[in-house]
Amino acid sequence: MTPTVAMSEMSWVEYSRRIAVPGTLAIVPVGAIEQHGPHLPLNTDVILPTEIASEVARRINGIVAPAITYGYKSIQRSGGGNHFCGTASLDGNTLISVARDILRELARHGARRALLLNGHFENVYFLLEGADLAIRDLAAIGINNFQVITLTYWDFIVGDALTEVFPDGFQGWAVEHGAVMETSLMLHLFPKFVNMSLVPEQSPITSPPYDILPPAPDLTPPSGCLLSAAKASAAKGKLLLECVVSGIVAALIERTKQKPREQAARD
Ligand SMILES: [Zn+2]
């Protein structure tokens, strides 16, 4: 049986042994509790990066920490807006602090390399700030070799996968909220949480080139979807998952000299 990669499933004794192995990557999935239309659950942005993180961790020497479940406020142009019932968000400072504290704790446990694997567009700069502050905190106590990589998983969907999943043309990630990409991944990984009969008809919205607060409800379709997910499928989800996971693994091997799991075990 392959050993678990989930930190939460390990005893502290096993975890302390595994995190101390040089080159081990601590991965923290980061999501949001956010409406994703009538057909997807509120934790879509949490469970997708968690699954991707687990698959990445299996292929390299990785351990997946429990996810940061809540994210920064939903923005209308990319997530429909923070005015929807069910969307439950953190202030920017809170998310920065949570990311900073968790990274510092992982470093205290012995990790020297961490990956914040993001699944919610609006989190990006708050995670970068949390990572920067954690590195500064650690340097102040003499830990100068702690490295953090941050990424948002769909940035790895490129090339053939993009044309296969969007044969009629790709509209951009901003309108992909609750649409073909996320719904396909959910159909592949968590079909029991998807109700395709509730997918709304929705042509891609055109957002103005500005944000307005408080949110203007007329800028978001009432369903919360910015584009229809009708063309989503489990087969597309399988393709997307492999594209994302292999892209992230390749980037880690190239940039951080992370080794594939079999090789790490031999060394
Ligand atoms: Zn999402």
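**I68**

I started with I68, which sits in the loop between β2 (62-64) and α3 (76-79). This is a predicted model, so I read everything below as computed. Is I68 buried or exposed? It comes out at 5% relative accessibility, so I put it down as buried, the limit being under 20%.

I then listed what I68 touches, skipping neighbours within four places in sequence. The contacts are V28, P29, V30, G31, L95, V98, A99 and I102. I also checked I68 against A232, 164 residues along the chain, and found their C-alpha atoms separated by 27 Å.

**A65, in that loop too**

A65 is also found in the loop between β2 and α3. Its relative accessibility is 6%, so A65 counts as buried. Beyond four places in sequence, I see A65 touching M7, I27, V28, P29 and L106. For P29 I looked up the spacing: 36 residues apart in sequence, 7.4 Å from C-alpha to C-alpha.

**L106**

L106 has its place in helix α4 (residues 92-109). With a relative accessible area of 3%, L106 is buried.

Which residues does L106 contact, leaving aside those within four places in sequence? I get M7, Y15, A26, V28, A65 and A111.

**D137**

Next I picked a charged residue. D137 lies in helix α5 (residues 124-140). Its relative accessible area is 19%, which still makes D137 buried, because the cut-off is under 20%. Which residues touch D137, other than neighbours within four places? The answer is R100 and R104.

**Zinc site**

I moved on to the metal. Which residues coordinate the zinc ion? I find H36 through NE2, D45 through OD and E182 through OE, at 1.9 to 2.0 Å. Along the chain the donors follow the spacing H-x8-D-x136-E.

**α7 against α8**

E182, one of the zinc donors, made me look at helix α7, which covers residues 180-189. I compared its axis with that of helix α8 (residues 234-256): the two come within 7 Å and cross at roughly 95 degrees. That falls in the 65 to 115 range, so I call α7 roughly perpendicular to α8.

On the α7 side, the contact is made by V180, M181, S184, L185, L187, H188 and L189. On the α8 side I noted A234, K236, G237, K238, L240 and L241. Sorted by class, this contact has 8 nonpolar, 3 polar and 2 charged residues.

V249 lies in helix α8. At a relative accessible area of 10%, V249 is buried. What does V249 touch, not counting residues up to four places away in sequence? V56, R59 and I60. V249 and V56 are 193 residues apart along the chain, yet their C-alpha atoms are separated by 6.2 Å.

**A cis peptide**

I then went to the loop between α7 and α8, where P214 is found. The peptide bond from L213 to P214 is cis, with omega near -10 degrees. I flagged it because most peptide bonds are trans.

**Aromatics**

Last, the rings. How many aromatic pairs are there? The count comes to 6. I opened the pair F166 and F170: 4.9 Å from centre to centre, with 45 degrees between the planes.

F166 is buried at 9% relative accessibility, while F170 is partly exposed at a relative accessible area of 32%. I also noted that F166, F170 and W173 form one aromatic cluster.

Technical notes
Residues are numbered from 1 along each chain as its sequence is written. This is a predicted model: local features need pLDDT of at least 70, side-chain atom pairs count only at pLDDT 80 or more; totals for chains, interfaces and linings use all residues. Side-chain values use heavy atoms; hydrogens and water are left out. Rings of Phe, Tyr and Trp (its six-membered ring) pair if their centres lie within 6.5 Å; planes under 30 degrees apart count as stacked, over 60 as edge-to-face and the rest as tilted. Buried means under 20% relative accessible area, exposed over 50%, partly exposed in between (1.4 Å probe, protein chains only). Helices (H or I, at least four residues) and strands (E, at least two) are DSSP runs, numbered from the N terminus. Contact means heavy atoms within 4.5 Å. Axes are lines fitted to C-alpha atoms, for helices over the stretch in contact, and angles run from 0 to 180 degrees between N-to-C directions. Angles under 35 degrees count as roughly parallel, over 145 as roughly antiparallel, 65 to 115 as roughly perpendicular and the rest as oblique. Ala, Val, Leu, Ile, Met, Phe, Trp, Tyr, Cys and Pro count as nonpolar, Asp, Glu, Lys and Arg as charged, and the others, Gly among them, as polar. Donors are N, O and S atoms within 2.8 Å of the metal (3.2 Å for Na, K and Ca); water is not among the atoms, so sites may look incomplete.
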